[in-house]
Structures are given as C-alpha cells and as structure tokens.
Amino acid sequence: MLKFLTNYIFGVLANLGEVINFILEVLGNVLRGKIRLAEILKQIYEQGLQSVGIVILVSLASGIVLALQGVVVLSRFGAKEYISSLVALSLVRELSPVFTALVFSGKAGARITAELGSMSVNDQVLATRTLGVNPIEYLVVPRMIGCFLVLPILTVISEVAGIFGGYLIGVYEANISGVFYINQTFKAIRFVDFYSGFSKVFFFSIIISWVCCFQGFKTKGGSLGVGKYTTQAVALSYIWVLVANAILTKIILSIWG
Amino acid sequence: MIEVKSVSKSFNGQVVLDNVSFNIKDGEIFIILGESGAGKSVLLKHLVGLIAPDKGKLFINGIDVGSLSERKLLDLRKTIGYLFQEAALYDFMNVYENLAFPLKEHTRLSKKQISEKIKSILQLVDLEGVENKFPSELSGGMKKRVGLARAIILDSRVLFCDEPTSGLDPIRSRDISDLIRDISRKLNCTTVITSHDIENSMRIADRVMIIKDGKIIALGKPKELEASTNSFVKEFVL
Ligand SMILES: Nc1ncnc2c1ncn2[C@@H]1O[C@H](COP(=O)(O)OP(=O)(O)O)[C@@H](O)[C@H]1O
Ligand SMILES: [Mg+2]
C-alpha cells in the first residue's frame, strides 16, 4: 500500500517534471531566436481559419441569449435601455475570453494534439531528430506562437459578434434605436473592462497550446492512442482554462476592481 | 568505426539489451538479425542517441554518443542517415518537400541545386516521377525508397536501416536489399541494418549478428554462421 502510494506520488512528480521541462525547452528556443516565421504564419492561418466560424456562431448565439434574458430582467426595473451595457460588459469582461478559449481548445487544440500525436506514433518526431532538427523548435514553437497570436484575435472577433447578436435583439425585439445601442455599448466598455478580460486570453493561449502540444508529443499506441490523447488533451485544456480563469479573475478583480 | 561497449537497457524491469558489446568496421554492411521484439530497433536507436543506455557506452568514429548534449547529438545525426521501419516521411509534405527538408535545414544549396540533387537521388533509388505525390499515395516499398533517399541526401557516410524489408513481398524485399547494398558500396557507407529477413541478410551482409533475449548469440560472416553448430543459429539461418 505504502509502496503503491510512493510510486503514485513519484509518477505524478516525474510527469510534472516532464511538463515543466517541455515548456522550458520551448522558452529556450524562443529566447535563442529559433523562430520560423513561415511556419508560424501557416499555423495562424490554419488555427484561425479553422476556429473562426464556430467562434462567431457561438458568440452570436451568446449575445442573442444575453440580450433576450436581459430584456426580461432589466424590464422589471424599467431599465431596458441598459441591455447594451449588460451584453457588452458580460462579453468583454468574461464570456468572450472564456468561450473563445473553450471553443478553440476543441477545434485548434484537438487538431494540434492529433497532428503531433500521429506524427509521434509514426516516428515522424523521432525522424525529425535523426535529420538533425529539434522537433520542439520545428513542430512545437510555431504552434504555440501561432496559438498565442490567434486566440486574442479570435477573442476580439467573438466580442464583436456577440455585441452584434445583442444589437439584433435590442433593435428588433426591444425596439431600442440602433444608434443609441451602439453609443451605449461604447460608453459602457471602459478600458479596464476590456483589458481585464483580454489579458486572460494570453494565459489561456499558453495553457491550451502547452497542454495540447505536450499531449501530442506523449502520444503512443497507434491510432487508438491518437484518439485517446486527443480527447484527453481537450479535457485537460478545458479544466485548466476554467481553473485558471477562476484564479485570474480573482487576481484581476483585486487589482482593477 | 562504431563501437558498442557493454550496453544494457531495461524498460520497466524488462531487460531488452543485456551487456551487449561489438564493433562495426568502416564501410561494412553489418546486419543485426533477431526475432520480432528482440531489441533490434532499441539497439539502433541507442546508436544515434534516441535512447540512452542504462549501462555501457557507444562510440561513433570515436565520439562517445552518451556524453553529447541533445544539441550536439543533432549535429552528429546530420552525418548519419536513418531509415525508419515505416519510413516516417512527413505526411504533410510531398516527396519533393520531404527530400528538400534536410537540404534546406542544413545546406546553403540554391533552389536549382536542391532540385537537381533530388532528381539525382530519386534516380539512385530507382524512383522517378513521384516528386508531387504525398506519402499516403505511395506503396510501402516506394515509401521505403523515399525514406532511403532522405537518409542519404546529406551525403552521410553512416547509414542505419531499421527493418528495410519488413512488410514487403519477397521480390520487393530482394530489390530493396540489393538497392541498399549497391548504395552502400557506391557511397562507401558504414551500413547497419536490422532485419528478421534471413535470406536477404545472408546475401548482402559482410557480417551478421544474431540477438536473442537481449544477448548476442552469434556474430560472424554469413559463411561462418551457416557452418555454426549452435542450435539456435542453425534453426535461424537454415
Ligand atoms: N520506449 C519503450 N518503452 C518501453 N518498452 C519498449 C520501448 N521500446 C521498446 N520497448 C520494448 O523493447 C522490446 C524490444 O523492442 P524492439 O527493439 O522494438 O524490437 P524489435 O527487435 O522487433 O525491433 C519490446 O519488448 C518492446 O516492447
Ligand atoms: Mg523493430
């Protein structure tokens, strides 16, 4: 029993060591300027293009639902005109960063793990090393940097789409004037609101790409393994994004309020 | 010259290599024979530092592979060609791009020189007109030829091939074995091949080593092994 427990703890620590070692190696490559621009552009294009549609759809739907509920709730206080503020602040401070990160995990994150995973099980990662090329530099760094650049852009797109969803309801359901709605939106969002949400996205992008690249590199066990590690990577990114969000929100609120 | 000195390796308590020692001479075709799971791939991976031994040392031209950092190992590997069992071509690149990759990474050749080099190397491995095909569109034998082309494209003088005939029919096995021998002779490569294909091994090898349960059972010229009285060797080579 004791032996089982020590083995378990030892296993967890060893895995943690690997995870940290992995990110240190990535950082080492970035700091040494081992950055492949062409590969990064390819990643931005692939990851961005793959996720942008569903991000817009999810955000639009969220904006619509927020506004629909907002109309009901705010009408009770006779404050229907504030829908635009409710929608914009909810999206910008919290929903867009988190939803975008979750959607992105399921699309681009899964793709990263599946790609790297199938390369691992087909010896392509080892082959990279036998060709004298560092696979972290060639395969991981561009994916992580791509993710770091794409997720913030997707978040802004999500915010715009969500606000547009709210606008549709505000104008066509609640009969608020369009100009007024837009004005209220811009008035409502202060810089702190935007940054308090937006700054979290950078952490999320690191978490997602770190988890998904690491799981891809660890993949073994043929095509079954690719499936297993991919779903595991997505689940882990969800968990860590949500945990990190709770912690970051607490920190950010205590700084900016 | 490749030297393997008292190398042992276990995975989770399972002994895969048990105090293995042997030398490979320059320019020699050296074949490691053994049943599936005997530890052939593990041994080959040790030689290029993809796996580190638990005990013992490996030297390639006097360089202690185990003492090198990963960055030094990457430099060493540029001078060694490695053909994987399933070729391990990048499946997101076509044949041309796969072959151009090491050249772009490690040489200053112009586009035109790269294209000429690829053309001549594809001729050498007897494959022409496949430049624009992706690995998924190639047969197993063709993939191995492209893998072989990629392994020698940086003019390596050391060539490692992991089961080059596995998964191929007898005729293609014979062809690829001959091809490896011809290329090895032509480029004067020190060539190490793992295999469980006895017939072709005996035909093309300068020396053959048989391993079983992590130990060396026999090592010698094909003729010597055929004359061996060891029962396992007999069973294996006859
Ligand atoms: N990375 C690894 N982790 C654990 N066990 C391994 C690993 N690589 C190989 N093995 C085990 O070592 C033994 C020899 O494998 P291998 O060298 O691939 O055999 P083969 O002679 O068929 O090439 C097998 O039992 C295999 O399961
Ligand atoms: Mg093998």
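Which residue's side chain does K9(B) meet in a salt bridge? The side chain of K9(B) meets that of D54(B), at 3.4 Å from N to O. A salt bridge here is a side-chain nitrogen of Lys or Arg within 4 Å of a carboxyl oxygen of Asp or Glu. K9(B) sits in strand β1 (residues 2–11) of chain B and D54(B) in the loop between α1 and β4 (55–60) of chain B, so the pair ties together parts that are 45 residues apart in sequence. Over all chains, the structure holds 25 salt bridges.

A word on the model and its conventions. This is a predicted model, in which local features need pLDDT of at least 70 and side-chain atom pairs count only at pLDDT 80 or more, while totals for chains, interfaces and linings use all residues. Residues are numbered from 1 along each chain as its sequence is written, chains are lettered from A and ligands numbered from 1 in the order in which they are written, and side-chain values use heavy atoms, with hydrogens and water left out.

Chain A next. Chain A has eight helices and zero strands; helices (H or I, at least four residues) and strands (E, at least two) are DSSP runs, numbered from the N terminus. Along the principal axes, the C-alpha atoms of chain A fill a box of roughly 65 × 50 × 35 Å.

Now the interface. Where chain B and chain A are in contact, meaning heavy atoms within 4.5 Å, 22 residues come from chain B and 17 residues from chain A. The size of an interface is often given as the accessible area lost when the parts come together. Between them, chain B and chain A bury about 1,800 Å², 59% of it on carbon and sulfur atoms; that is the accessible area (1.4 Å probe) that two parts lose on being put together, summed over both.

Two salt bridges are found across this interface. One is between the side chains of E105(B) and R36(A), at 2.8 Å from N to O. On the side of chain B that touches chain A, α2 (70–78), β6 (80–83) and α3 (95–106) of chain B each supply at least two residues. The largest share of that side, five residues, comes from α2(B).

Last, ligand 1. The residues around ligand 1, each with a heavy atom within 4 Å of it, include F11(B), V16(B), G37(B) and K40(B). β2 (14–24) and α1 (40–47) of chain B each supply at least two residues of this shell, and the largest share, three residues, comes from α1(B).

Which side-chain atom lies 2.7 Å from an oxygen atom of ligand 1? A polar side-chain atom of S41(B) does. A polar side-chain atom of Q14(B) lies 3.0 Å from an oxygen atom of ligand 1, and a backbone N or O atom of A38(B) lies 3.2 Å from an oxygen atom of ligand 1. Taken alone, ligand 1 exposes 560 Å², and the protein buries 61% of that; accessible areas come from the Shrake-Rupley method with a 1.4 Å probe, and for residues only the protein chains shown count as cover.

Terms used: A polar contact is a pair of N or O atoms within 3.5 Å; within protein, one must be able to donate a hydrogen and the other to accept it, and residues adjacent in sequence count only if both atoms are side-chain atoms.
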